[in-house]
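Take a first look at the model below.

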Amino acid sequence: MISRGTLLRIVLTTAAVIAAAVPAFAGPSDDDCLACHGDSGLKTDQGRPLYVDSAALGASIHGEAGIGCVDCHADLKAFEDFPHAPKLKPVDCASCHEEASAAVRESIHGRPHDGDKPIIVQCKDCHGAHDIRPAKNMLSHTAAMNIPDTCLACHLERVQTKRGQGFAALYKESDHYRALALAGLSLSATCVSCHGGHSVHPVDDPQSRVSRLNIIRTCGTCHAGIEKDYLEGVHGKDYAKDILDVPVCTDCHSEHDIRSPENLGSGVYATKVAAVCSRCHDDERLARQYGLQTSRLKTFSASYHGTASKFGEVKVANCSSCHGHHGIRPSSDPLSSIHPANLATTCGACHPGAGENFSKGKIHVVSEKTENRWAYTVKIIYIVVIAGLISVFLAFIAADLYRRMRTRWRH
Amino acid sequence: METLTTSPLIRDDEIFLRMNLAERIQHILLIVSFTLLVLTGLPLMFYELRLFKSVFSFENAFAFRGLLHRGAAVLLIVDIVWHTGHTVLTRRGRDNFRELMPRAKDARDAVSLFGYNVGLARWLYRKGILRGFFDRHPFWRFENPPEYGRYNFIEKLEYLSVAWGSLVMILSGFFMWNVELSLRIFPLWVHDIFVIAHGYEAMLAFLAIIIWHMYNVHLNPEVFPMSKVWLNGKITGHELKTLHPLEYRKILAERQQAQKAREDRSGAAR
């Protein structure tokens, strides 16, 4: 007995063999087409080139699979007389690639842009036309190495984004691009790694792989260990509760121009970390809503760590030196680097031999009344003494000058 | 006040030594170390000023700043050790130190100088207001400026401020320099006091020098553009008479006595 599956396979294979071996039945053969289109000088009256590179076509995934010209240019099947009508119907990739086409139709590329002139992206804009190769092939327009240039062909100038022209090109400043282009690491993130290939959606669309809802998972595809740390930390725990005010990857690391923290241009370079964290931790609204302590930046800046950092010193502690970064935990958590029991170790990373005295006092509050009474008292005494003494000095100087002026008048 | 008439025993152009070479070098070392300390320390208090940021923009600027600050601190400490030795071990140093000790007269002098300069009480007295009070307490009329000895209350205040300030700065600075040592001995909140004290004491010292000392030795019309004592150490008989009348009288009395003794001796010999 022949099963239904096997029968189907036999029928389809036979059909394919007939279709391949007897193309004349289904219209002109590739050789017929190339008789004219193989001429590199062939152009329309308007000067549009009509040349088809037969070598590239043969090497393409369609050429290798034996797909003929008329399989895509389907309306040519009906033609007998050549040259054919000057205008052909556009190629419909969906006739074979149904799923991918549907995804593109749903994506931003399939719909007119908001408020802009409608721009509809066609398959060939990314994949090429006759020379389509699989993404694994280094020569493919969609090979990892070539993706940035393929996307930037439009996104560099033609397409405006809300973040301004050239925003996409910032990717070329990133370490992702450096890994790709300089280190030749094809696993590095390209445009499609984060935005998806066919189903690209704008960032404010919840479906988007780069929306706040999905960005953690998207980055975690490669940075799995960091995703785990993040989800265990205070930010990640709230993120898991759908509190979207917490920072996600891109809030600290920026988006396209992500660089290593050791790079001076990185938003999380040692001297810039304080500014990044205080965007939220000094924000009055967030502080009220989530009960955060504010003035974190002010108190850090006033400390030696903060001041040195402002002057570009990278060896001193910044926020993350003590609090950690991806998996930041509150000081009440015994696993937190700033839990009182762990302070000696945390501080000891820079201050060898740091003992328990490091935890007898508070950071960020050097001379606030409620936190360090004695330091506060000393500060107040100094302010009073300075103000008093300077006033007395100025009074004496004024009196001295006054007497000298009077003496001069009299003479 | 009886006006001091020029005595043949102290000529107006006679030169007296107010600061000897050692003291002048000590003062110059103090200027150098203090200036360096202020320049390299102040940016930590005023980290928002763009000026400081542009000055410290070259590579390793901040580490270099720290190195200079601690170097200047060592210089200051050496200077203070030298000065202390000078004060304890030399006759001149001990005499000067005794003269620098504050007395009740210094407070009276300060009040009386201010009152004299303002001249309000004098004016009231002349108008016959509160005459009874002023007759009973002539001090409060401030008719004349106070008379000073070798050091007036301004100079004493400055000297003692430097002594106190150096003590605070060296102690707190030492523990800030050696954080690990400091925190082996003190809890963090005590160390925080060092940090606070170091910063505010620095502000106090800086303002005092810029306002008070600079006025008294530079901008004051009497010495403008600058008193040269710190360079040549010299003061004339005339300056001694006007600025330090009590010391002038003391020297005069000593010389009169010596002259008298000489005359007595020569009289006896005759």
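## Two helices side by side

Helix 1 of chain B and helix 3 of chain B run roughly antiparallel to each other. This is a predicted model. Two packed helices are described by the angle between their axes and the distance between the axes. Helix 1 covers residues 21-45 of chain B, and helix 3 covers residues 61-89 of chain B. Their axes cross at roughly 155 degrees and come within 8 Å. Angles over 145 degrees count as roughly antiparallel, and therefore this pair gets that label. The crossing of helix 1 and helix 3 of chain B is left-handed.

Which residues make this contact? From helix 1 of chain B they include B:Ala22, B:Leu29, B:Val32 and B:Leu36. From helix 3 of chain B they include B:Leu68, B:Ala72, B:Leu75 and B:Trp82. By class, the residues of this contact divide into twelve nonpolar, seven polar and two charged.

## A second crossing

Helix 3 of chain B also meets helix 4, which covers residues 91-100 of chain B. Here the axes come within 5 Å and cross at roughly 95 degrees. Is this pair parallel or perpendicular? Helix 3 of chain B is roughly perpendicular to helix 4 of chain B.

Helix 3 of chain B brings B:His86, B:Thr87, B:Val88 and B:Leu89 to this contact. Helix 4 of chain B brings B:Gly93, B:Arg94 and B:Phe97. The classes here are three nonpolar, three polar and one charged. B:His86 takes part in this contact, and B:His86 is also listed in the contact of helix 3 with helix 1 of chain B.

Now step back to the chains. Chain A has 21 helices and zero strands. Its radius of gyration is 34 Å, well over the 22 Å that the globule rule gives for 411 residues, so chain A is more spread out than a compact globule. Chain B has 13 helices and two strands. Its radius of gyration is 24 Å, while a compact globule of 270 residues would have one near 18 Å.

| Chain | Span of the C-alpha trace |
|---|---|
| Chain A | about 120 × 75 × 35 Å |
| Chain B | about 80 × 60 × 40 Å |

How much of each chain is buried? In chain A, 25% of the 411 residues count as buried. In chain B, buried residues make up 22% of the 270 residues.

Take contacts with a sequence separation of 6 or more. In chain A, residues 24 or more positions apart account for 43% of them. In chain B, 73% join residues at least 24 apart.

## Where the chains touch

The contact between the chains takes 37 residues from chain A and 33 residues from chain B. Which helix of chain A gives the most to this side? Helix 21 of chain A does, with 18 residues. Helix 18 (304-310) and helix 21 (373-410) of chain A each supply at least two residues. The side of chain A that touches chain B has 20 nonpolar, ten polar and seven charged residues.

A:Gly233 lies in the loop between helix 12 (224-232) and helix 13 (234-240) of chain A. A:Gly233 is buried, with 23 other C-beta atoms within 10 Å. Leaving aside residues up to four places away in sequence, A:Gly233 touches A:His326, A:Gly327, A:Ile328 and A:Arg329. A:Gly233 and A:Ser321 are 88 residues apart in sequence and 15 Å apart in space, C-alpha to C-alpha.

A:Asp242 has a positive phi of about 65 degrees, although A:Asp242 is not a glycine. It sits in the loop between helix 13 and helix 14 (249-253) of chain A. Is A:Asp242 buried or exposed? A:Asp242 is exposed, with 9 other C-beta atoms within 10 Å.

B:Phe142 has a positive phi too, of about 50 degrees, and is not a glycine. Its loop lies between helix 7 (131-136) and helix 8 (153-177) of chain B. B:Phe142 counts as buried, with 22 C-beta neighbours inside 10 Å.

The bond from B:Phe224 to B:Pro225 is cis, with omega near 0 degrees. B:Pro225 is in the loop between helix 10 (188-219) and helix 11 (229-232) of chain B.

Key. Residues numbered from 1 in each chain as written. Chains lettered and ligands numbered in written order. Predicted model: local features only at pLDDT ≥ 70, side-chain atom pairs only at ≥ 80, totals over all residues. Helix = DSSP H or I, 4+ residues; strand = E, 2+ residues; numbered from the N terminus. Rg over C-alpha atoms; globule rule 2.2 N^0.38 Å. Buried ≥ 20, exposed ≤ 12 C-beta atoms within 10 Å, placed from the backbone. Contact = placed C-beta atoms within 7 Å. Nonpolar A, V, L, I, M, F, W, Y, C, P; charged D, E, K, R; others polar. Axes fitted to C-alpha atoms, helices over the stretch in contact; angles between N-to-C directions. Parallel < 35°, antiparallel > 145°, perpendicular 65-115°, else oblique. Left-handed = near helix turned anticlockwise from the far one by under 90°.
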